Amino acid sequence: MYSEKVMDHFSNPRNVGEIENADGIGEVGNAKCGDIMKIFLKIDDDIITDIKFKTFGCCAAIATSSIATEMIKGKPVKEALGLTNKAVIESLDGLPPAKIHCSVLAEEAVKTAIADYYRKNNIPIDFETGCDGCCEACAVEE
């Protein structure tokens with residue numbers, strides 16, 4: 001059912017925890033399945049120098065959070081914005097069709113955390129986060 005990489009990232013998740021005074025925080029959830037992902041970013045000179053996550057969810061939710069953090073740690077913010085759920089799936093050697101939504105949550109959590117960083121630094125947000133603006137953390141200011 002799950003690839004070896006999914007099981008490895010579920011059993012040995014990387015970058016778990018939170019960053020105090022994070023430069024950007026993104027929290028997303030899926031009401032249908034109950035998964036909740038929270039991503040914390042530390043950014044120095046436009047480089048993601050540290051990233052942590054806290055995820056409440058299934059094996060795939062934890063694995064996608066873990067691999068997403070590994071994929072963008074050390075990267076420029078603009079490059080991290082290019083993270084896609086498809087890249088997350090490929091990095092994990094696939095996900096069952098019923099678990100694809102977990103990869104979408106990982107992408108949205110990263111983009112929501114970057115949007116939070118942009119807002120805090122008065123940088124125009126010119127990308128979609130996937131967030132519907134339902135909470136204070138990612139409400140669009142006009």
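## The sheet

Two strands count as paired if DSSP finds at least two bridges between them. Please keep in mind that this is a predicted model. With that in hand, look for the open sheet: its 3 strands follow the order β1-β2-β3, and their pairing is antiparallel. From one strand to the next, the twist averages 15°.

Now follow β2, residues 36-44, which pairs with β3 in the antiparallel sense over 9 bridges.

Helix α2 covers β2 and β3, running at about 175° to β3. Helix α5 lies across β1 and β2, and its direction is about 145° to that of β1.

## Where the helices meet

How do the axes of α2 and α5 cross? The axes of α2 (residues 59-72) and α5 (residues 100-120) come within 9 Å and cross at roughly 40°, which makes α2 oblique to α5. The crossing is right-handed.

On the α2 side, the contact is made by Ala60, Ala61, Thr64, Ser65, Ala68 and Ile72, while α5 brings Cys102, Ser103, Ala106 and Val110. Sorted by type, the residues of this contact are 7 nonpolar and 3 polar, with no charged ones.

Key
Residues are numbered from 1 along each chain as its sequence is written. This is a predicted model: local features need pLDDT of at least 70, side-chain atom pairs count only at pLDDT 80 or more; totals for chains, interfaces and linings use all residues. Side-chain values use heavy atoms; hydrogens and water are left out. Axes are lines fitted to C-alpha atoms, for helices over the stretch in contact, and angles run from 0 to 180 degrees between N-to-C directions. Helices (H or I, at least four residues) and strands (E, at least two) are DSSP runs, numbered from the N terminus. Angles under 35 degrees count as roughly parallel, over 145 as roughly antiparallel, 65 to 115 as roughly perpendicular and the rest as oblique. A crossing is left-handed if the near helix is turned anticlockwise from the far one by less than a right angle, and right-handed if clockwise. Contact means heavy atoms within 4.5 Å. Ala, Val, Leu, Ile, Met, Phe, Trp, Tyr, Cys and Pro count as nonpolar, Asp, Glu, Lys and Arg as charged, and the others, Gly among them, as polar.
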